[in-house]
Amino acid sequence: MRNIASEVGCSPMWLYRYFDNKQEILWHVWDMILDELFDRLGQIKTRSPRARLEKLALCYLDYWLEYPERFLIVFLQPDLEQGATRSYVENSDRLKYFDLFTHTVEKAQAQGELGSSNAASVAQGLMCVLQGLALNFITISDYPWADIASLKRLTVKSYLSGLASSDS
């Protein structure tokens, strides 16, 4: 807490006035990042749920690529206490934001735009694909990737196309 206080130009006691420990500060930062990300995603409107799902996925990736340091803060934080992520997941109301993907999958399925696999599994699989892309583009940035915009679109479309007629 002393190091953080020094970095932001305040006393440790001032920090303790608002946060019990550095883990709470990190969670507050995660909340701010997720609020901003999902505010952006919430602006996406289309006529087709599948088209919306594609746009959500690409916007999600674009956010992390625009702010790679935020990706690292949320997903590759070395200063986590044991069990801290589980505690955040169990106690944060921000994780409901990710339901946006599941609800959009459900709407696409209801309109026959995606197969009838479990919507939560489809959404979670998509999130894993997106996280993998972001991780590679951000942490292996010196690799001579083909056109990143094309890779993003190809990967998202391929994932969703594989679900279009498949019920497994």
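Trainee: What makes the residues around Trp64 its contacts, leaving aside neighbours within four places in sequence?

Mentor: Contact means heavy atoms within 4.5 Å. Trp64 is in contact with Ile33, Leu37, Arg70, Phe71, Val74, Phe75, Gln131, Ala134 and Ile138. This is a predicted model, where local features need pLDDT of at least 70 and side-chain atom pairs count only at pLDDT 80 or more, while totals for chains, interfaces and linings use all residues. Residues are numbered from 1 along each chain as its sequence is written, and side-chain values use heavy atoms, with hydrogens and water left out.

Trainee: Why is helix 3 called oblique to helix 5?

Mentor: Helix 3 and helix 5 (residues 68-75) pack at an angle of about 130 degrees, with their axes 10 Å apart. Angles under 35 degrees count as roughly parallel, over 145 as roughly antiparallel, 65 to 115 as roughly perpendicular and the rest as oblique. That value therefore makes helix 3 oblique to helix 5.

Trainee: Which residues meet there, in helix 3 and helix 5?

Mentor: Leu26, Val29, Trp30, Ile33 and Glu36 of helix 3 meet Arg70, Ile73 and Val74 of helix 5. They divide into six nonpolar, no polar and two charged.

Trainee: Which residues touch the most other members of the largest nonpolar core?

Mentor: A nonpolar core is a set of buried (under 20% relative accessible area, 1.4 Å probe, protein chains only) Ala, Val, Leu, Ile, Met, Phe, Trp, Tyr and Cys residues joined through side-chain atoms within 4.5 Å. Among its 39 residues, Leu37, Leu41, Tyr60, Trp64, Phe101 and Leu130 touch the most other members. Helix 8 gives the most to this core, with 10 residues.

Methods
Axes fitted to C-alpha atoms, helices over the stretch in contact; angles between N-to-C directions. Helix = DSSP H or I, 4+ residues; strand = E, 2+ residues; numbered from the N terminus. Nonpolar A, V, L, I, M, F, W, Y, C, P; charged D, E, K, R; others polar. Buried < 20%, exposed > 50% of the residue type's maximum accessible area, 1.4 Å probe, protein only.
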